[in-house]
Amino acid sequence: WLLHFSLDVKDPNDPDVTQHMIEKVESVRPWLIEAHEKPMLLRQKDGYALLWTWVASLIGRMAQDGEIPPMASPTYGRILNIVQRAYGSIRDVRALHLIKTPFIYIHTLAILVHVNNIL
């Protein structure tokens with residue numbers, strides 16, 4: 001949810017951008033962010049990165065507690081690989097959103113599609 005709302009930000013230079021995102025999340029899913037997590041998220045510019053750090057930390061703790069296979073097992077490596085791929089995908093989506101496609105390229109592509117449809 002934080003990633004979704006962070007992609008919908010109008011002014012990324014706004015100092016209260018994280019506060020606005022958290023307010024949007026709380027309006028949609030009020031049970032999602034607990035009271036003790038809110039100050040930690042407000043200190044971070046990219047809250048989604050902090051969430052994936054928490055997920056990786058939780059997985060490590062679960063392995064230590066014996067809830068999932070230990071760190072030396074291939075299953076643990078696979079679980080951590082899934083977490084890393086998820087975080088990498090979020091970074092990729094964020095980068096695609098921040099880098100705008102040049103207008104001339106889009107215009108040329110649109111013309112090519114129209115010409116192709118006419119022929």
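The structure is a predicted model, in which local features need pLDDT of at least 70 and side-chain atom pairs count only at pLDDT 80 or more, while totals for chains, interfaces and linings use all residues. Residues are numbered from 1 along each chain as its sequence is written, and side-chain values use heavy atoms, with hydrogens and water left out.

**Overall architecture**

The chain holds six helices and zero strands, so that its elements, read from the N terminus, run α-α-α-α-α-α; here helices (H or I, at least four residues) and strands (E, at least two) are DSSP runs, numbered from the N terminus. Of its 119 residues, 22% count as buried, where buried means under 20% relative accessible area, exposed means over 50%, and partly exposed lies in between (1.4 Å probe, protein chains only). Among contacts (heavy atoms within 4.5 Å) between residues at least 6 apart in sequence, 40% join residues at least 24 apart. The chain exposes about 8900 Å², of which carbon and sulfur atoms supply 62%; accessible areas come from the Shrake-Rupley method with a 1.4 Å probe, and for residues only the protein chains shown count as cover.

Helix H5, covering residues 74-98, has 25 residues and reaches 36 Å from its first C-alpha to its last, close to the 36 Å expected at 1.5 Å a residue, the expected span being 1.5 Å times one less than the number of residues. Its buried residues are Tyr-76, Val-83, Gly-88, Ile-90 and Arg-94.

What does Tyr-76 touch, not counting residues up to four places away in sequence? Its partners are Ile-59, Gly-60, Ala-63, Ile-68, Pro-69, Pro-70 and Met-71. Tyr-76 lies in H5 and counts as buried because its relative accessibility is 9%.

| Residue pair | Separation in sequence | C-alpha to C-alpha distance |
|---|---|---|
| Tyr-76 and Ile-59 | 17 residues | 8.4 Å |
| Ile-68 and Ile-79 | 11 residues | 9.5 Å |

A search of the whole structure finds one salt bridge, defined as a side-chain nitrogen of Lys or Arg within 4 Å of a carboxyl oxygen of Asp or Glu. It joins the side chains of Asp-65 and Arg-61, at 3.9 Å from N to O. Side chains of opposite charge can pair when their charged atoms come close. Asp-65 and Arg-61 are four residues apart in helix H4 and are therefore separated by about one helical turn. Asp-65 is partly exposed at 48% relative accessibility, and Arg-61 is partly exposed at 47%.

**A nonpolar surface patch**

Tyr-105, Ile-106, Leu-109, Leu-112 and Val-113 form a nonpolar patch on the surface, with about 470 Å² of accessible area together. Patches are made of residues with over 30% relative accessible area and no salt bridge, like charges being joined within 9 Å and nonpolar side chains (Val, Leu, Ile, Met, Phe, Trp, Tyr) within 5 Å. Val-113 is found in helix H6, residues 103-118, and is partly exposed, with a relative accessible area of 44%.
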